[in-house]
Amino acid sequence: MIIKPFWARLAMAVLVPMALVTLTVIPIFISHLEERTDATHRSAEAMLNSEYDLLLSGMNESFNQVLSTAEYPLLRRFLSRQAVSQEPRWDRASQHDWEQLDTLFSTLLTHFGRYTRMAVVDTAGREWVATSELPLQPRPPVVAYDTTDTFHKAMTLHSRDLYVSPPRLGASGEQASPVTTVIDIATPIVDERGERLGVLMFTLDWSRLTASLPHARGNQGQALLVDAQGQWLLPGGDADDMRFGQLLSTRWPAAWAAMVTRNQGSMTLSDHLLAFRSHDLRTQHYRSEAGMIISDSGTQPWHLGILMPRPSFWGVLLENPVQLLAIVLVYLLSMAFGVFWVFSHYRLRELRQQALMFSREARQYAGEVQDLYEHAPCGYHSLDSEGRVIRINRTELEWLGYRADEVIGKRHYRDFVTPESREAFDAAFQKVLGEGQEGGTECELLCRDGTRLPVAIQGKAHVTEEGFQYSRTMVFDLSERKAMEARLEQQALTDPLTGLGNRRALEDQAAMEIARAERSGAPLSLVAIDLDHFKDINDTYGHDVGDWVLQAFAELTQEVLRDGDVLCRIGGEEFTVLLPNTSKDQALQVAERLRRAIAATPAKIGQVTKEDTVLAYTASLGVTMVSAGETTLKPAIKRADQKLYAAKKAGRNRVHWEEV
Ligand SMILES: Nc1nc2c(ncn2[C@@H]2O[C@H](COP(=O)(O)OP(=O)(O)OP(=O)(O)O)[C@@H](O)[C@H]2O)c(=O)[nH]1
């Protein structure tokens, strides 16, 4: 299966911080756990010492109670009296002592509280006084006691010696739990001479004594007490607890193994910590008033221990909700950080790609703008405040015929402007530098090959806080526009049928010729020409033939006239010839020469008729002078027209002169 990079990265980003947090937290917890374990060890040891002292003081108290009771004079007296007879003496004095003893023991039983039975046995093993929480036989019972182990052992002891039996199961005297654990404590009763008079036996309710170890139970820990064989000496508890007499090795083999090899110490079990120490009752006489303490061999020493639950990792982790919450928060934060990192990484990559795309587009756009700048259909240039070229596009360089390196930073733009238009350029540039920040003009550029290029220049200033930086100028090539204007001007002055100048052209030419004649004083003559019966030609041959005749006339007249003479068509079949530097006679000669030529040269009329391809025609002419002081041709034309009509009237095909 292919894992998509995003999910793989997300998984890594979550797992790595979690692993790091775990690596950081675990050593802290391990050290915390070790501290807690040490503290538990110390606590177990402290608790063990406390339990030990409690047990010891409880035992000592019992020992001292037995020893002090054994020394009561009443008791000695009673037993002394019994000792002298083979049979029990039950005289009046004995009866009285016995009753006092019975009362005394009943009081002691109630007062001491921890005993289930107190018995006085004579040397023959007869029990004389027995006080018990159990129902007794009718008194005096005089029960034979010589078969019991405790009696025999106690009888071998000296005064103030004690025999302590191992804990055993015995009657408790309580209806709720009739069986309990008990210990027999026995000491010999000795008279002043040191003769043994009997044995005093107290049966200690062992469960009641060990119940004084309450804080060794419950959640804090569990008390252990076993004999030298490992048999459980404490009363049983819950179903899970050890039962009296059960072997410790069956439940805690490792603990038992440690306890038999060392007198005192501590150890770690699978889920518990154990502090233990051993105690031999036989050495306890050092702490009590007893002379010697004996017990059954093989049962001593006892082993006392405290089992505490071993602190566990999860226990330490879960015990403090705030700490647990903090750890969960750290994990969540680390995960959130990882997730945030992944998303921000992808967002950053996206932004970087976008930026890359924008930069590529910007470069492309800049390239296009540069290309547009360089190859625009108009010129672009920038000038500094002194008019020096600091930038110029290729179009304008091509117009001028220079390379960029010959111009940029080296030439002033006005150098490329013709002297005639330089003034206009300078004025426009000053406007750009001025407050208006823009200016324009039409001027002519002087190209490298000497040609002149009419252009329109429109400039704007680029101004910042520091003032004028450079100009940005567009230059438009006007040559085509100028040519077009010239063509239109030409068309406006030309008769389209004959190609001759029209009335406006005549007026323009006349203005110049009148001025020149004025200046030079040379004569200026005018001839008005009108074709004869032209209407008949149109009517007879059609309008097209009329046009051909007009064209033939124009062609012929131009051939006859000299260069400098101005022939114009000013009406339908009316023409005017301006003859500069021509006197009256010369003008009459020209007019006559024209009349003859027209009459002698029929117009070619193409294939209108098969036979006649030419058509003869004539013209009438009126001649006059443009007199000095006349600023327009109007008076002269009027005079020439009058003579023209006169010639028409006189029969046509003739030249008439009109005197000024
Ligand atoms: N074919 C042609 N005919 C033209 C043109 N311009 C004017 N005309 C004609 O020229 C004729 C002039 O006629 P008129 O003014 O009566 O004079 P005419 O017939 O020449 O008579 P006279 O001048 O008295 O000899 C008219 O019929 C116009 O239509 C033109 O451009 N082409």
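# Overall composition

Of the 660 residues of the protein, 30% count as buried. The structure described here is a predicted model. The protein contains 18 helices together with 24 strands. Among the contacts with a separation of 6 or more, 59% are made by residues 24 or more positions apart.

# Annotated transmembrane segments

An unreviewed UniProt entry carries the annotation "transmembrane region" for residues 7–30 and 322–343. In the model, the stretch covering residues 7–30 is 100% helix and 0% strand. The C-alpha atoms at the ends of residues 7–30 are 34 Å apart.

# The four-stranded sheet

Four strands form an open sheet in the order E8-E12-E10-E9, with antiparallel pairing. Strand E8 (222–226) and E9 are the edge strands, each of them pairing on one side only. From one strand to the next, the twist averages 20 degrees. Helix H7 (residues 253–261) packs on this sheet and touches E9, E10 and strand E12 (302–309). The direction of H7 makes about 135 degrees with that of E12.

Strand E9 (residues 264–268) and strand E10 (residues 272–279) are paired in the antiparallel sense over five bridges. The two are joined by a hairpin of three residues, leading from E9 to E10. Within this pair, Gly265 stands opposite Phe276 of E10, and Ser266 has Ala275 of E10 as its bridge partner.

# The five-stranded sheet

A second open sheet consists of five strands in the order E19-E20-E18-E23-E24, and its pairing is mixed. Strand E19 (566–569) and strand E24 (655–657) stand at the edges; each has a single partner strand, so one side of each is left without a neighbour in the sheet. The twist in this sheet averages 20 degrees from one strand to the next.

E18 pairs with strand E20 (residues 574–580) in the antiparallel sense over seven bridges.

# The shell around the ligand

There are 17 residues around the ligand, and Asp532, Phe534, Lys535, Gly546 and Gly572 come nearest. By class, this shell has four nonpolar, five polar and eight charged residues.

Three elements each supply at least two residues of the shell: strand E18 (524–531), helix H15 (534–541) and helix H16 (543–560). Strand E18 also belongs to the five-stranded sheet.

# Backbone geometry in the loops

For His533, phi is about 45 degrees. His533 lies in the loop between E18 and H15, two elements that each supply at least two residues of the ligand shell. With 14 other C-beta atoms within 10 Å, His533 is partly exposed. For Arg160, phi is positive at about 70 degrees. Arg160 is placed in the loop between helix H4 (149–155) and strand E4 (162–164). This residue, Arg160, is partly exposed, with 18 other C-beta atoms within 10 Å.

A cis peptide bond joins Gln300 and Pro301, with omega at about 0 degrees. Pro301 lies in the loop between strand E11 (293–295) and E12. Strand E12 in turn forms part of the four-stranded sheet.

Terms used:
Residues are numbered from 1 along each chain as its sequence is written. This is a predicted model: local features need pLDDT of at least 70, side-chain atom pairs count only at pLDDT 80 or more; totals for chains, interfaces and linings use all residues. A residue is near a molecule or strand if its C-beta atom, placed from the backbone, lies within 6 Å of it. Ala, Val, Leu, Ile, Met, Phe, Trp, Tyr, Cys and Pro count as nonpolar, Asp, Glu, Lys and Arg as charged, and the others, Gly among them, as polar. UniProt positions are given in the numbering used here, feature names are shortened, and annotations may be inferred rather than shown by experiment. Two strands pair if DSSP finds at least two bridges between them. Axes are lines fitted to C-alpha atoms, for helices over the stretch in contact, and angles run from 0 to 180 degrees between N-to-C directions. A residue is buried if 20 or more other C-beta atoms lie within 10 Å of its own, exposed if 12 or fewer, and partly exposed in between; C-beta atoms are placed from the backbone. Two residues are in contact if their C-beta atoms, placed from the backbone, lie within 7 Å.
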